[in-house]
Amino acid sequence: MPGMHMDQGAAAGLSQSSQDYMAAMRDMHKDMAQGVTAHDPDVAFARGMIPHHRGAIAMAQTELKYGKDPHMRRMAENVIKAQQAEIETMNNWLKTHPDKDR
């Protein structure tokens, strides 16, 4: 939730897994907002999506740390693999497509 700090989450009785999910989302949203400030809309998309994918990886890692359901754990493993590949693709694209207006 916007503005929620981890000490507030603990005080509100959130489980450790929920606190970890919240931390991943907090970091993701902050980095996404910074990424989309590029002038070039294609660069902004890539710079915004990379932290979005990193957030998905962090959430999937939380599932693997705490989750018990085999189907959800396999899904988390698949998310990690797919998101890492897409991050690599976007990083490679960004190397050859700088934000021209900055």
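1. Lys-65 sits in helix H3, which covers residues 41–66. Helices (H or I, at least four residues) and strands (E, at least two) are DSSP runs, numbered from the N terminus. Lys-65 is exposed, with a relative accessibility of 58%. The cut-offs are these: buried is under 20% relative accessible area, exposed is over 50%, and partly exposed is in between (1.4 Å probe, protein chains only). Between the C-alpha atoms of Lys-65 and Ser-17 there are 8.3 Å, although 48 residues separate the two along the chain. Ser-17 belongs to H2 and is one of its buried residues.

2. A word on the basis. This is a predicted model, in which local features need pLDDT of at least 70, side-chain atom pairs count only at pLDDT 80 or more, and totals for chains, interfaces and linings use all residues. Residues are numbered from 1 along each chain as its sequence is written, and side-chain values use heavy atoms, with hydrogens and water left out.

3. Overall layout. In sequence order the pattern reads α-α-α-α. The chain has 102 residues, and 30% of them count as buried.

4. Helix H2. It runs over residues 16–35, 20 residues in total. From first C-alpha to last, H2 reaches 28 Å, close to the 28 Å expected at 1.5 Å a residue. The expected span is 1.5 Å times one less than the number of residues in the helix. Which residues of H2 are buried? They are Ser-17, Gln-19, Met-22, Ala-23, Ala-24, Met-28 and Gly-35.

5. Salt bridges. How many does a search of the whole structure find? It finds two. The criterion is a side-chain nitrogen of Lys or Arg within 4 Å of a carboxyl oxygen of Asp or Glu. One pairs Arg-26 with Asp-27, with 3.4 Å between the closest N and O atoms. Arg-26 is partly exposed at 39% relative accessible area. Asp-27 is also partly exposed, at 34%. Another pairs Asp-31 with Lys-30, and here the closest N and O atoms are 3.0 Å apart. Asp-31 has 32% relative accessibility and so counts as partly exposed. Lys-30, at 54%, counts as exposed.

6. H3 against H4. The two helices pack at an angle of about 155°, and their axes are 8 Å apart. H3 is therefore roughly antiparallel to H4. Axes here are lines fitted to C-alpha atoms, for helices over the stretch in contact, and angles run from 0 to 180 degrees between N-to-C directions. Angles over 145 degrees count as roughly antiparallel, under 35 as roughly parallel, 65 to 115 as roughly perpendicular, and the rest as oblique. The crossing of H3 and H4 is left-handed. That label applies if the near helix is turned anticlockwise from the far one by less than a right angle; clockwise gives right-handed. The residues of the contact of H3 with H4 divide into 16 nonpolar, five polar and seven charged. Nonpolar covers Ala, Val, Leu, Ile, Met, Phe, Trp, Tyr, Cys and Pro; charged covers Asp, Glu, Lys and Arg; the others, Gly among them, are polar.

7. Gly-48 and Gln-34 are 14 residues apart in sequence, with 7.4 Å from C-alpha to C-alpha. Glu-88 lies in helix H4. Glu-88 is exposed, with a relative accessible area of 52%. The C-alpha of Glu-88 is 8.9 Å from that of Ile-50, and the two are 38 residues apart along the chain.

8. After H4. Where is Lys-100 found? It is in the segment after helix H4 (70–96). Lys-100 is exposed at 65% relative accessible area.
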